[in-house]
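Reader: I'd like to learn how to read a protein model. Can you take me through it step by step?
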Amino acid sequence: MTSFAALSANEPELGRLRASIREFLHADRAEHGWRPAVDSWLGQWDQDFSARLGDAGFVGMIIPKQYGGQGLNHLHRYVVTEELLGVGAPVAAHWVADRQVAPGLLAYGTDEQRERLLPRIAAGRYFSSIGMSEHTAGSDLAAVQTKATRTDGGWLLSGTKVWTSGAHLAHQVVVLTRTSPPDPDHRHAGFSQFIVPCDAEGVRIEPIRLMNGEHHFNEVTFNDVLVPDVDVLGEVGNGWHQVTSELSFERSGPERLLSTAPLIVAAIRVLSSGPTPDDRTAEGVGDLLARLISLRQLSVWVARMLTDHADAANQAALVKDLGTRFEQDSIEVVADLVDRVPATPELAELLTTARLHKPVFTLRGGTNEVLRGVVARGMGLR
């Protein structure tokens, strides 16, 4: 396989999968009437769609067949993800569980945890949130203060997490905590992860609303929540390594490039149906597509690394930095391109949503400034 072919992800098997998911999406939209949306992996929560997607075999692509998944690899999941985001499908319900929690369980979970949770994730019927950021610990997760204290048969969790997407609708939250006091000389030591049901006693979930009233984010408070030993994820004290490994899945996927894809597609359709494009329009569209194609190749490269079980933390950070900046830039480029043609109601709605969500693109999953530090350290520059 040539280097270009490796970055294209167009092997015959992947091509057949791409055709299959496209056929499913076309039929499902025609029957159920959902509309393409910007940032659909965050804002479009549709449990019924997730269940239909699971029934069709498009959730749990990397989950082994013994746990109800497809037993495939990250490239297969990449193809499905790309097609879902390209049409702005309502995927938020199962997104975090499929993207992050399932790989975490496969890498670090116990047999009991895998048997209990993975089949429900693969079915598109089990939803998870991630409790990482705090008021004083955003992208700098080493500053996390939520703590877990040993007690008979388990742990008592106390602390508060913010920007916890979907916690008000999810079944569980995977919480990063301190299980030993901070060590100034070893800032990344003493962290652990816990699986906490969202309806557990002592868990309080409060909404953090966007300016237009949309509710995706939450503040989640844990007040001496008892978590049994069976719900420790991975090894106590190994939480930092586990979280950074999981962030490779979060930071490198197509969602870091394609949150605004439905907007770009809608704009191109409007422009192509109007007057003959001038040089400025051709240049603007060409620039968007050239950047998108290049970023996609970087993202596919990381997917191949993850398929080979390689450490892709630095490369994923780079993809996230470049991809989310492209997403932000694409909004104003589109707005500038379509300012002289009548906007369809669909395009106007997509542009409004995109502008509302624009500030968070470069924040969630780690600010771009912090990610540049990750890349610099990985290159030996810091």
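Reader: Is Arg 35 buried, exposed or partly exposed?

Author: The general idea: buried means under 20% relative accessible area, exposed means over 50%, and partly exposed is in between (1.4 Å probe, protein chains only). Arg 35 counts as exposed because its relative accessibility is 55%. Keep in mind that this is a predicted model, where local features need pLDDT of at least 70, side-chain atom pairs count only at pLDDT 80 or more, and totals for chains, interfaces and linings use all residues. Also, residues are numbered from 1 along each chain as its sequence is written, and side-chain values use heavy atoms, with hydrogens and water left out.

Reader: What does Arg 35 form a salt bridge with?

Author: First the idea: a salt bridge is a side-chain nitrogen of Lys or Arg within 4 Å of a carboxyl oxygen of Asp or Glu. For Arg 35 the partner is Glu 349, with the closest N and O atoms 3.2 Å apart. Helices (H or I, at least four residues) and strands (E, at least two) are DSSP runs, numbered from the N terminus. Glu 349 counts as partly exposed because its relative accessibility is 39%.

Reader: How many salt bridges does the structure hold?

Author: There are 22. Take Arg 99 and Glu 255, whose closest N and O atoms are 2.7 Å apart. This pair links distant parts of the chain, with Arg 99 in helix 6 (residues 92–108) and Glu 255 in the loop between helix 8 (239–252) and helix 9 (261–273). Both residues, Arg 99 and Glu 255, are buried.

Reader: Which residues are linked in a network of salt bridges?

Author: Arg 18, Arg 22, Glu 82, Glu 83 and Arg 296 are.

Reader: How much space lies in the largest pocket?

Author: The idea again: on a 1 Å grid over the protein atoms alone, a pocket is an open set of points where a 1.4 Å probe fits, with protein on both sides within 12 Å along at least five of seven lines, and lining residues have an atom within 4 Å of a point. Grid points are joined across faces, edges and corners, and a volume is the space filled by probe spheres set on the points. Here the largest pocket has about 740 Å³. Its lining has 36 residues, and Trp 163, Ser 165, Glu 250, Arg 364 and Gly 365 lie nearest the centre. Helix 6 gives the most to this lining, six residues.

Reader: What classes of residue line the largest pocket?

Author: Ala, Val, Leu, Ile, Met, Phe, Trp, Tyr, Cys and Pro count as nonpolar, Asp, Glu, Lys and Arg as charged, and the others, Gly among them, as polar. The lining of the largest pocket has 18 nonpolar, 12 polar and six charged residues.

Reader: And what is the volume of the second largest pocket?

Author: About 620 Å³. It is lined by 23 residues, with Glu 82, Glu 83, Gly 86, Val 87 and Val 265 closest to its centre. Helix 2 supplies the largest share of that lining, six residues. By class, the lining of the second largest pocket has 13 nonpolar, two polar and eight charged residues.
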